[in-house]
Amino acid sequence: MSDLWTYRSPPGEVSLVGFSVDARDGKIGKIDDATYDVESSYIVVDTGPWIFGRKVLLPAGVIEEIDLDNERVMVARTKDEIREAPEFDSETGFDRSRRDEWDSYYGGF
C-alpha cells in the first residue's frame, strides 16, 4: 500500500499547509498539516464547520491534483467518503499503529 502514502505529483519545495482542499463533490476545508516522508506522506485537513471542526487525515496518494497557483488540492474522494473516514486525533497526531486502519479504509476505494 505504499502508493497510497506517496504523492502522485510531489509539491516540490512548496508547503501545502493553508491550501484549500476540494473533494470530488465540493470543498472540505484547509490543510492544517502536511508531511513529505517517503512512503508515509499525508495531509491533515481541518474541516471547519463542515463536520463540526473535525480534522481528517488523507494519505498523499488520494491527492489527484495540486494547483500551486490557486493554492488548491483536489482529492479523489467524495465528501461522504471523507466524512466516514477513521477519526484523526490531533492530540496524538499520526499514530503508526492506526496506519492499517487508514490503509484499509482509503485503499478500499
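**Close-up views**

View A. At a relative accessibility of 0%, Trp102 counts as buried; residues are buried under 20% relative accessible area, exposed over 50% and partly exposed in between (1.4 Å probe, protein chains only). The model is a predicted one, in which local features need pLDDT of at least 70 and side-chain atom pairs count only at pLDDT 80 or more, whereas totals for chains, interfaces and linings use all residues. Residues are numbered from 1 along each chain as its sequence is written, and side-chain values use heavy atoms, with hydrogens and water left out. The charged end of Arg98 sits over the ring of Trp102, 4.8 Å from its centre; the criterion is NZ of Lys or CZ of Arg within 6 Å of the ring centre and within 35 degrees of the ring normal. Arg98 itself is partly exposed, at 22% relative accessibility.

**View B. Aromatic pairs.** The whole structure contains 6 aromatic pairs. Rings of Phe, Tyr and Trp (its six-membered ring) pair if their centres lie within 6.5 Å, and planes under 30 degrees apart count as stacked, over 60 as edge-to-face and the rest as tilted. The Tyr7 and Tyr36 rings form a stacked pair, with centres 5.8 Å apart and planes at 20 degrees. This pair links distant parts of the chain, 29 residues apart: Tyr7 lies in the segment before β1 (20–23), and Tyr36 in the loop between β2 (26–34) and β3 (42–46). Helices (H or I, at least four residues) and strands (E, at least two) are DSSP runs, numbered from the N terminus. Tyr7 is buried at 9% relative accessible area, whereas Tyr36 is partly exposed at 38%. The Phe88 and Trp102 rings, with centres 6.5 Å apart and planes at 40 degrees, form a tilted pair. Phe88 belongs to the loop between α1 (79–83) and α2 (99–107), and Trp102 to helix α2, 14 residues apart. Phe88 is buried, with a relative accessible area of 9%. Ring pairs join Phe88 and Trp102 with Trp5, Tyr42 and Phe94 in a cluster.

**View C. Salt bridges.** The count of salt bridges comes to 6, each a side-chain nitrogen of Lys or Arg within 4 Å of a carboxyl oxygen of Asp or Glu. Asp32 and Lys55 are joined by one of them (2.7 Å, N to O). This bridge connects strand β2, which holds Asp32, to strand β4, which holds Lys55, 23 residues apart. Asp32 is partly exposed, at 38% relative accessibility. A further bridge joins Glu101 to Arg98, with the closest N and O atoms 2.9 Å apart; Glu101 is partly exposed at 39% relative accessible area. The bridge between Asp103 and Arg99 spans 3.9 Å, N to O. These two residues both lie in helix α2, 4 residues apart, about one turn of the helix, and both Asp103 and Arg99 are buried.

**View D. The loop at Gly61.** Gly61 lies in the loop between β4 (55–59) and β5 (63–67) and is buried, at 11% relative accessibility. Leaving aside residues up to four places away in sequence, Gly61 touches Asp3, Leu4, Trp5, Thr6 and Arg8, where contact means heavy atoms within 4.5 Å. Gly61 and Ser40, 21 residues apart in sequence, are 9.8 Å apart in space, C-alpha to C-alpha.
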